[in-house]
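Biologist: I am new to this structure and would like to learn how to read it. Could you take me through it step by step?

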Amino acid sequence: MLVKIEEIRKAFEKDISSVKDRASLEELRVKYLGRKGQISSAFTLMPQVPAEQRKSFGQGLNILKNRIEQQYQALKASFEETSRDTGRIDLSLPGRKGFVGRKHPLVAVADEIKDIFRGFGFTVEDGPEIETDFYNFEALNIPKTHPARDMQDTLYITEDVVLRTHTSPVQIRVMQRQKPPIRMIAPGRVYRRDTPDASHSPFFHQVEGLAVGKDVTFADLKGIIQAFAHRMFGKDINVRFRPSFFPFTEPSAEYDFSCVFCRGEGCRVCKHTGWMEISGAGMVHPNVFRAVGIDPEEYTGYAFGMGIDRIAMLKYGIDDIRLFFENDLRFLTQF
Ligand code: DAH
């Protein structure tokens with residue numbers, strides 16, 4: 001009876017050597033391991049086996065069964081491998097789309113802002129994100145006692161070194177190295193000690209603007225901001241200035257654009273005022289000129305700030321600043 005086991009083994013070795021594809025592999029499985037296959041039917045012969053051989057017959061058959069099972073699984077796995085790795089084409093697989101990268105929405109908006117100001121004759125300047133107290137505060141006429149220096153707002157590295165809280169220090173750096181006339185913007189990242197929520201983030205992006213010359217006036221400032229609003233959001237967007245205070249400008253103002261959603265009619269987003277706050281601006285304070293060695297009797301200048309994240313939120317109708325920094329592709333691929 002043990003001869004029977006040997007016969008099955010030989011037949012299997014022969015059959016498996018001629019398996020070429022998944023279909024013949026399946027035939028092989030049915031023939032040997034199926035419910036009515038060779039192994040099962042051999043087990044049904046048990047009662048006919050002489051009692052003293054029964055034990056070794058059963059063991060031998062089980063060993064063969066396991067071996068066939070192993071060889072079958074190994075071959076099956078190798079088929080799956082080849083169909084994935086080499087040219088074997090599985091027409092049932094869904095197609096693979098190429099992934100095309102694109103600009104982050106904040107980069108796209110910053111590029112647009114730069115293009116607009118370059119068109120007005122401004123240069124684009126850069127400065128360090130790690131600043132000294134002098135550039136971030138002192139030279140901008142922000143005294144030691146000013147609340148903006150509070151630990152609540154500023155991220156200090158040492159007592160004298162901070163993560164810049166605004167892009168205004170770049171004005172100082174540019175005025176130190178360049179004589180008027182100056183017309184520059186400085187886009188970049190800034191840092192504040194804020195807990196993230198829909199409208200706050202511990203880092204965000206600003207553009208600083210500065211123009212210095214012999215007869216630069218507040219009217220020039222209003223003109224440039226108005227022209228920017230038209231280019232960025234459309235001709236029907238108006239600008240208004242409200243008196244305000246910044247240590248580095250005198251007089252100072254905050255400026256608003258008409259609401260880009262209702263175009264000034266009044267809606268939920270602008271709380272029915274028709275206006276949206278953008279940022280601050282003003283005429284460069286004489287103390288700032290003195291800090292960089294420019295004669296305030298000879299030159300005047302205007303400066304303004306602008307939030308890139310805020311402009312991007314308005315442009316794309318985004319109501320949560322955190323979306324910009326989560327790098328969720330479901331968000332990013334919409335732009
Ligand atoms: N630096 C100010 C801020 O971070 C923004 C700002 C206001 C910039 C008035 C200016 C300015 O140049 O004149 O909030």
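Predicted model: local features only at pLDDT ≥ 70, side-chain atom pairs only at ≥ 80, totals over all residues.

Biologist: Which residues come nearest to the ligand?

Modeller: A residue is near a molecule if one of its heavy atoms lies within 4 Å of it. Here 15 residues are around the ligand, and H166, S168, R192, Q206 and E208 come nearest.

Biologist: How do the residues of that shell divide into nonpolar, polar and charged?

Modeller: Five are nonpolar, eight are polar and two are charged.

Biologist: Is Q171 buried or exposed?

Modeller: The general idea is a cut-off: buried means under 20% relative accessible area, and exposed means over 50%. Q171 has 2% relative accessibility, so this residue counts as buried. Leaving aside neighbours within four places in sequence, Q171 is in contact with L140, M184, E208, L210, V288 and A303.

Biologist: Which other residues of α7 are buried, and what do they pack against?

Modeller: The buried residues of α7 are P169, V170, Q171, I172, V174 and M175. They pack against β2 (130-132), α6, β4, β5, α9 (286-291) and β9.

Biologist: Now the backbone. Where are the cis peptide bonds?

Modeller: To find one, look at the omega angle. A cis peptide bond joins P180 and P181, with omega about 5°. P181 lies in the loop between α7 and β4 (182-191). Another cis peptide bond joins E250 and P251, with omega about -5°, and P251 is in strand β7.

Biologist: And which residues other than glycine have a positive phi?

Modeller: N141 is one of them, with phi near 65°. N141 sits in the loop between α6 (133-136) and β3 (161-163). Its relative accessible area is 22%, so N141 is partly exposed. R263 also has a positive phi, near 55°, and is found in the loop between β7 and β8. At 32% relative accessibility, R263 counts as partly exposed.

Biologist: What about G274: where is it, and is it buried or exposed?

Modeller: G274 lies in the loop between β7 (249-258) and β8 (275-284). This glycine counts as buried because its relative accessibility is 3%. Leaving aside neighbours within four places in sequence, G274 is in contact with F257, S258, C259, G264 and G266. For a sense of distance, the C-alpha atoms of G274 and V161 are separated by 41 Å, and the two residues are 113 apart along the chain.

Biologist: Let us step back to the whole chain. How many helices and strands does the protein chain have?

Modeller: There are 11 helices and nine strands.

Biologist: What is the radius of gyration of the protein chain?

Modeller: The way to read that value is to set it beside a compact globule. A compact globule of 335 residues would have a radius near 20 Å, but the protein chain has 38 Å. Along the principal axes, the C-alpha atoms fill a box of roughly 120 × 45 × 35 Å.

Biologist: How much of the protein chain counts as buried, and what does it expose?

Modeller: Of the 335 residues, 39% count as buried. The protein chain exposes about 18900 Å², and carbon and sulfur atoms supply 52% of it. As for contacts between residues at least 6 apart in sequence, 66% join residues at least 24 apart.

Definitions and conventions: Residues numbered from 1 in each chain as written. Heavy atoms only, no water. Helix = DSSP H or I, 4+ residues; strand = E, 2+ residues; numbered from the N terminus. Buried < 20%, exposed > 50% of the residue type's maximum accessible area, 1.4 Å probe, protein only. Contact = heavy atoms within 4.5 Å. Nonpolar A, V, L, I, M, F, W, Y, C, P; charged D, E, K, R; others polar. Rg over C-alpha atoms; globule rule 2.2 N^0.38 Å. Areas by Shrake-Rupley, 256 points an atom, 1.4 Å probe, with all protein chains shown as cover.
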